[in-house]
Amino acid sequence: QVQLVENGGGSVQAGGSLRLSCAASDYTYSSNLMAWFRQAPGKEREAVAAIGAGATTYYADSVKGRFTISRSSYENTIYLQMNSLKPEDTAMYYCAAGGRGWWLLVETYHTWGQGTQVTVGS
């Protein structure tokens, strides 16, 4: 089974930046839909951004203009560059891999990373 390994979480002050990475163990999954979700305590898991096999990208309205999702096919890795971070961005961020489907839906994805914590503010 494919495994996703996440890195890059941490604590920053408002206005700061972080770059998350998610490495897939199987090249095949890097060719399918991959996404970043986040979940804050007491909140439902929400889609943040996704990238498809054709390099089409999708973003939640709350992060447009601040976050950028990208992928490196050669490295089987996706990234989430997060700029101008706000306290409301604080959450556990999860990488997800899936097949074809609506990018917003948790059920589209069959494999999830362990999550990496992003904390903004003090």
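Start by selecting Cys95: this residue is buried, with a relative accessible area of 0% (buried means under 20% relative accessible area, exposed over 50% and partly exposed in between, using a 1.4 Å probe and protein chains only). The model you have open is predicted, so local features need pLDDT of at least 70, side-chain atom pairs count only at pLDDT 80 or more, and totals for chains, interfaces and linings use all residues. Residues are numbered from 1 along each chain as its sequence is written, and side-chain values use heavy atoms, with hydrogens and water left out.

Cys22 and Cys95 form a disulfide, with sulfur atoms 2.0 Å apart (the rule is a pair of cysteine sulfur atoms within 2.5 Å). Cys22 sits in strand β3 (residues 18-24) and Cys95 in strand β9 (residues 91-98), so the pair ties together parts 73 residues apart in sequence. Strands here are DSSP runs of E, at least two residues, numbered from the N terminus. Look along the S-S bond: at -80°, the link of Cys22 and Cys95 is left-handed.

Next, go to strand β11 (residues 116-120) and pick Thr119. Thr119 is partly exposed, with a relative accessible area of 26%. What does Thr119 contact, leaving aside its neighbours within four places in sequence? Show Gly10, Ser11, Val12 and Thr90; contact means heavy atoms within 4.5 Å.

Note on methods:
Helix = DSSP H or I, 4+ residues; strand = E, 2+ residues; numbered from the N terminus.
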